[in-house]
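Please examine the structure shown below.

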Amino acid sequence: MTTETKREKSANQAVATENTLNGLSPESIKKEDPATLLQYYRMMVLIRKFEERSAEMYTKARIGGYCHLNLGEEATIVGLMAALRPEDYIFTNYREHGYILARGAKPGPVMAELFGKETGVSKGRGGSMHLFDVNLHFMGGYGIVGGQLPLATGAGLALKYKEKDGMVVAQMGDATTNIGAFHESLNLARIWNLPVMFLVINNGYGMGTKVESASAEPELYKRAAGYNIVGERVDGKDPLAVRDAVRRAIERAKNGEPTLLEAVSHRFKGHSVVDPDRYRDPEMVKTFRQSDPLFNFARVLEENGILTPEQDNKLQEEVDQEVQEAIDFAEQSPTPAIETMFDFMYATSVANEIDPQWAQFKHAKEAK
Ligand SMILES: Cc1ncc(C[n+]2csc(CCOP(=O)(O)OP(=O)(O)O)c2C)c(N)n1
């Protein structure tokens with residue numbers, strides 16, 4: 001099929017699907033493998049505890065710079081990673097601790113990165129907002145809102161150009177859908193039929209601004225229609241609904257179809273650890289806690305005989321221990337030596353230095 005006919009075909013299918021928020025149902029749980037569900041639950045607990053302890057370490061001045069937490073978004077992260085395959089790539093914003101954990105990074109090197117230590121996943125040069133692991137195809141957290149989107153789109157182009165398998169995930173927050181790079185990226189992904197899934201984590205706020213105050217179309221998945229791609233909205237508090245939606249995106253990506261997936265959940269705390277969250281009614285935030293995806297998932301597992309309270313207690317203790325070990329590892333790791341500060345930062349050994357190889361090449365060319 002030529003590129004043109006392919007695009008025409010998908011344009012016909014390109015309607016934003018109806019709101020698919022469905023919530024965890026006992027029926028959907030019964031179709032699942034219990035051991036796999038317990039793995040999902042354990043990872044959600046790990047992210048929750050890792051983030052709670054990160055907040056504590058930040059207030060104890062072990063972590064510097066900015067620090068944004070995934071509290072309340074654990075189900076979306078676990079659902080996403082449950083669907084992704086090793087050949088897929090992921091680019092995220094700065095709220096990414098949970099993503100790299102669920103992708104398979106060990107908690108120790110992730111915590112060490114938050115502490116700015118040499119043993120961190122980015123060798124202590126990145127910190128909380130710039131986690132990276134090339135072996136896991138985890139291509140980084142980015143601090144510039146929307147900065148990750150053109151890079152992810154380019155990675156999609158690279159996969160297509162090199163005829164490699166895999167889909168690229170471009171994760172972002174709701175407010176990022178108002179950045180120019182969002183629109184340029186969706187447009188190019190459609191024009192070039194790239195295997196990219198744009199994943200919007202709609203937690204209701206961009207810093208202190210409500211989605212409804214900043215976005216002319218607050219049902220963000222509908223924005224896909226402007227680029228002739230499929231838009232879907234899922235309940236981001238349901239790991240199984242997210243996983244299945246990502247699997248559908250993977251199938252589309254195999255045919256060069258991009259997807260815009262909007263996962264709706266709540267941010268339990270302020271924008272970052274230092275945000276006192278005064279712009280939200282505390283009563284409203286309390287209601288978010290009542291639909292906590294972690295407790296909800298535990299309850300459904302218990303109701304279906306997959307998790308007993310005793311098992312849960314044991315799991316909680318194990319994960320507490322695992323996170324404590326990550327903190328100990330970070331504490332005991334060395335900080336990078338000052339003279340190595342710019343190592344791994346630039347293509348050349350000093351910022352903006354002319355690459356000696358390139359200079360040689362230029363010189364040879366000029367001499368001709
Ligand atoms: C280009 C740019 N503009 C502004 C900022 C400041 N800023 C940091 S986070 C943020 C809000 C982004 O919200 P959202 O995309 O919803 O992501 P969330 O924080 O909810 O994950 C803003 C405006 C920035 N980092 N980059």
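A crossing of two helices is called left-handed if the near helix is turned anticlockwise from the far one by less than a right angle, and right-handed if the turn is clockwise. With this term in hand, one may turn to the model, which is predicted.

In this model, helix H3, formed by residues 34-59, passes helix H12, formed by residues 293-303, in a left-handed crossing. Two packed helices are described by the angle between their axes and the distance between the axes. For H3 and H12 the angle is about 155°, and the axes are 10 Å apart. Angles over 145 degrees count as roughly antiparallel, and H3 and H12 are therefore roughly antiparallel to each other. On the side of H3, the contact consists of Leu-37, Tyr-41, Met-44, Val-45 and Arg-48, which meet Leu-294, Phe-297, Ala-298 and Leu-301 in H12. By class, this contact has 8 nonpolar residues, no polar ones and 1 charged residue.

A second pair is made up of helix H4 (residues 74-83) and helix H10 (residues 239-254), whose axes lie 7 Å apart at an angle of about 40°. That angle makes H4 oblique to H10. The crossing of H4 and H10 is right-handed. Among the residues of H4 in this contact are Ala-75, Val-78 and Leu-80, while those of H10 include Leu-240, Val-242 and Ile-250. The contact of H4 with H10 divides into 11 nonpolar, 2 polar and 2 charged residues.

The next topic is the ligand. Which residues are closest to the ligand? They are Val-145, Gly-173, Ala-175, Thr-176 and Gly-206, out of 15 residues that surround the ligand. The shell around the ligand has 6 nonpolar, 7 polar and 2 charged residues.

Finally, two loops deserve attention. Asn-193 is located in the loop between helix H8 (180-191) and strand E4 (196-202). Its phi is near 50°, a positive value in a residue other than glycine. Is Asn-193 buried or exposed? Asn-193 counts as buried because it has 20 C-beta neighbours inside 10 Å. Asp-277 lies in the loop between strand E8 (259-264) and helix H11 (282-290). Asp-277 is likewise a residue other than glycine with a positive phi, here near 65°. With 14 other C-beta atoms within 10 Å, Asp-277 is partly exposed.

Key
Residues numbered from 1 in each chain as written. Predicted model: local features only at pLDDT ≥ 70, side-chain atom pairs only at ≥ 80, totals over all residues. Axes fitted to C-alpha atoms, helices over the stretch in contact; angles between N-to-C directions. Helix = DSSP H or I, 4+ residues; strand = E, 2+ residues; numbered from the N terminus. Parallel < 35°, antiparallel > 145°, perpendicular 65-115°, else oblique. Contact = placed C-beta atoms within 7 Å. Nonpolar A, V, L, I, M, F, W, Y, C, P; charged D, E, K, R; others polar. Near = placed C-beta within 6 Å. Buried ≥ 20, exposed ≤ 12 C-beta atoms within 10 Å, placed from the backbone.
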